[in-house]
Amino acid sequence: MKRLAVYCGSRMGAKPHYEQCAHALGTAMAERDIDLVYGGGKLGLMGVVADAVLSNGGQVFGVIPEALRDYEVAHQALSELYIVKDMHERKAKMTELTDAFIAIPGGIGTLDELFEAWTWRALAYHHKPFALLDVDGYWQHLSLFLDGVAQQKFMSDARRALLIETDDINDALDQLTRACDGKKSQFIW
Ligand code: AMP
């Protein structure tokens with residue numbers, strides 16, 4: 001795994017643990033020589049992850065839609081900032097640039113990005129692994145809800161099992177690395 005897309009809040013959230021996690025993830029990525037692909041912003045946890053990767057010598061690739069850049073929230077010190085037309089192009093570009101995805105705490109933008117990575121993988125548009133990193137139980141309700149979706153037969157167990165879930169950064173990076181197996185994309189029903 002050479003590049004990892006991090007999906008996370010454009011806010012800091014209510015607890016200091018979230019910021020600590022974003023910082024620790026960026027630092028661990030740089031230590032493992034894993035470059036960051038992300039939304040290109042400097043706000044909230046997004047800025048914290050980007051700064052941690054950059055200050056530890058890693059490379060950071062941001063992908064931001066024109067309209068958000070114009071609100072002047074784009075991070076100015078990135079290795080490369082791609083300006084794209086809209087959110088659709090952004091997610092497609094991030095998917096093209098990265099080897100894997102991880103979601104840490106965030107809001108609807110983070111959920112949208114995670115679910116798109118998941119649905120595109122299930123429909124064989126890519127074969128890149130994705131993980132949900134729990135911090136202080138933040139994703140517990142979502143995880144239980146997703147179990148319910150599978151139990152109620154709106155998703156197969158095979159699709160449910162695609163999502164890697166852990167509360168440990170090194171475990172997440174290890175599992176994602178192992179899952180970057182270079183296999184061809186495959187439809188998961
Ligand atoms: P949210 O979880 O709703 O805070 O949205 C964060 C996610 O959506 C990030 O992973 C970004 O890719 C994208 N995003 C949302 N707001 C912004 C913003 N102001 N600047 C850059 N990216 C953003």
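Colleague: Which residue lies over the face of Phe 61, and at what distance from the ring centre?

Modeller: This is a predicted model. Here Arg 3 lies over that face, 4.2 Å from the ring centre of Phe 61. Look also at Arg 159: its charged end sits over the ring of Phe 187, 5.7 Å from the centre.

Colleague: How many aromatic pairs does the structure hold?

Modeller: Seven. Take Trp 118 and Phe 130: their centres are 5.9 Å apart, with 45° between the planes, a tilted pair. Trp 118 belongs to helix H5 and Phe 130 to strand E6, so the pair ties together parts 12 residues apart in sequence. Both residues are buried.

Colleague: What about Trp 120 and Tyr 125?

Modeller: Their planes meet at 50° and their ring centres lie 6.4 Å apart, so this pair is tilted. Trp 120 is partly exposed, at 25% relative accessible area. Tyr 125 is exposed, at 64%.

Colleague: How should I read a nonpolar core?

Modeller: In soluble globular proteins, nonpolar side chains tend to be buried together. The largest core here has 32 residues. Leu 4, Val 6, Leu 36, Ile 102, Ile 104 and Leu 173 have the most contacts inside it. Apart from that core lies another, of 23 residues, including Phe 61 and Phe 130.

Colleague: Which residues of H8 are buried?

Modeller: First the general idea: an α-helix has 3.6 residues a turn, so residues three or four places apart point the same way. In H8, the buried residues are Ile 169, Ala 172, Leu 173 and Leu 176. They cover an arc of only 95° around the axis, which puts them on the same side of H8. Their cover includes E1, H1, E5, E6 and strand E7.

Conventions:
Residues numbered from 1 in each chain as written. Predicted model: local features only at pLDDT ≥ 70, side-chain atom pairs only at ≥ 80, totals over all residues. Heavy atoms only, no water. Core = buried A, V, L, I, M, F, W, Y, C linked by side-chain atoms within 4.5 Å. Buried < 20%, exposed > 50% of the residue type's maximum accessible area, 1.4 Å probe, protein only. Helix = DSSP H or I, 4+ residues; strand = E, 2+ residues; numbered from the N terminus. Arc of directions from axis to C-beta. Contact = heavy atoms within 4.5 Å. Phe/Tyr/Trp six-rings, centres within 6.5 Å; stacked < 30°, edge-to-face > 60°. Lys NZ or Arg CZ within 6 Å of the ring centre and 35° of its normal.
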